[in-house]
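Hello,

Here is the structure I promised to pass on. My notes on it follow below.

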Amino acid sequence: MNRQEIDKLVKQMNVDTATGEVNPRVQQIVVRLLGDLFQAIEDLDISQSELWKGLEYFTNAGQANELGLLAAGLGLEHYLDLRADEADAKAGITGGTPRTIEGPLYVAGAPESVGFARMDDGSETDKIDTLFIDGTVTDTDGNIIEGAKVEIWHANSLGNYSFFDKSQSDFNLRRTILSDANGQYVAQTTMPVGYGCPPEGTTQAVLNLLGRHGNRPSHVHYFISAPGYRKLTTQFNIEGDKYLWDDFAFATRDGLVATAVDVTDETEIACRGVNKPFKHITFNVELVKELAEAPTTEVDRRRASA
Ligand SMILES: [Fe+2]
């Protein structure tokens, strides 16, 4: 079939058959995606078995709750970031900390505090370096923003996230810090370790067939929001990790690479109230003022909450 015949057939089956109320947006998207799928079946001569394997794949990936991971791994989520950057540029938005992917592991409801939070539950203090993250939240002119909601989450020393990894305590390595009167936030936590897709999982299965690895560098996720400003979804990736620029989820971006500095000075150690050398990262955040002309940066997606 040629495209004209395909489009006619899709319309006959999914548009002309409507007898109830139509959601025009859903109809538009379904018709377009079906047409594109039929066209791909024609162009690539996709067999019936291959098509059913594909549908079975999505069934398995959904049952394993890995579709979010798949969207990151195939670059769909990064592509959406690039599109959002383009829309921002068209709307005249410049400056601000770059956005990057959310990933599938955010959990709503983390404990909230002002200015400072200890994020780890102490169970890994002996196993891995303590990390202090300091930063200031400002607008693009450098004016400090007090009361910005800085939501931070990251993996433990095994590359696992609390909530999804039931061996960790509730909200371990997840906190919400409101920036203080100086626009500052400080997090005391442990050094995150990069992770790989579950080796036997559905995402890794397709990556294997593409000859790709499924590893991420060590990183820390953020949502930053404040009234009157565009919500920022971002993360920093840590310098020195072998996957820094070879991230299977394509989240590392210029402006989002952080250096963890070793702090060994006794006075500074005492000042931080810890009893061993630690790592220190500065991650300042610049928020962009809300702008009616630009598409919203709030993304409506299903997220875990505890
Ligand atoms: Fe992550």
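Both Y161 and H221 are buried (buried means under 20% relative accessible area, exposed over 50%, partly exposed in between, with a 1.4 Å probe and protein chains only). Before going on, please note that this is a predicted model, where local features need pLDDT of at least 70 and side-chain atom pairs count only at pLDDT 80 or more, while totals for chains, interfaces and linings use all residues. Residues are numbered from 1 along each chain as its sequence is written, and side-chain values use heavy atoms, with hydrogens and water left out.

Now the metal. Y161 (OH), H219 (NE2) and H221 (NE2) coordinate the iron ion at 2.0 to 2.1 Å; donors are N, O and S atoms within 2.8 Å of the metal (3.2 Å for Na, K and Ca), and as water is not among the atoms, sites may look incomplete. The spacing of these donor residues in sequence is Y-x57-H-x1-H. Y161 sits in the loop between β5 (149–154) and β6 (174–178) and H221 in strand β8 (residues 219–225), so the pair ties together parts 60 residues apart in sequence. Strands here (E, at least two residues) are DSSP runs, numbered from the N terminus.

Next, the sheet. Six strands form an open sheet with mixed pairing, in the order β2-β6-β5-β8-β9-β10; two strands pair if DSSP finds at least two bridges between them. At the edges stand β2 (112–114) and β10 (257–258), each with a single partner strand, so one side of each has no neighbour in the sheet. β8 runs antiparallel to β9 (residues 232–238), joined by six bridges, and I224 stands opposite L232 in β9.

Best wishes

Definitions and conventions. Helix = DSSP H or I, 4+ residues; strand = E, 2+ residues; numbered from the N terminus.
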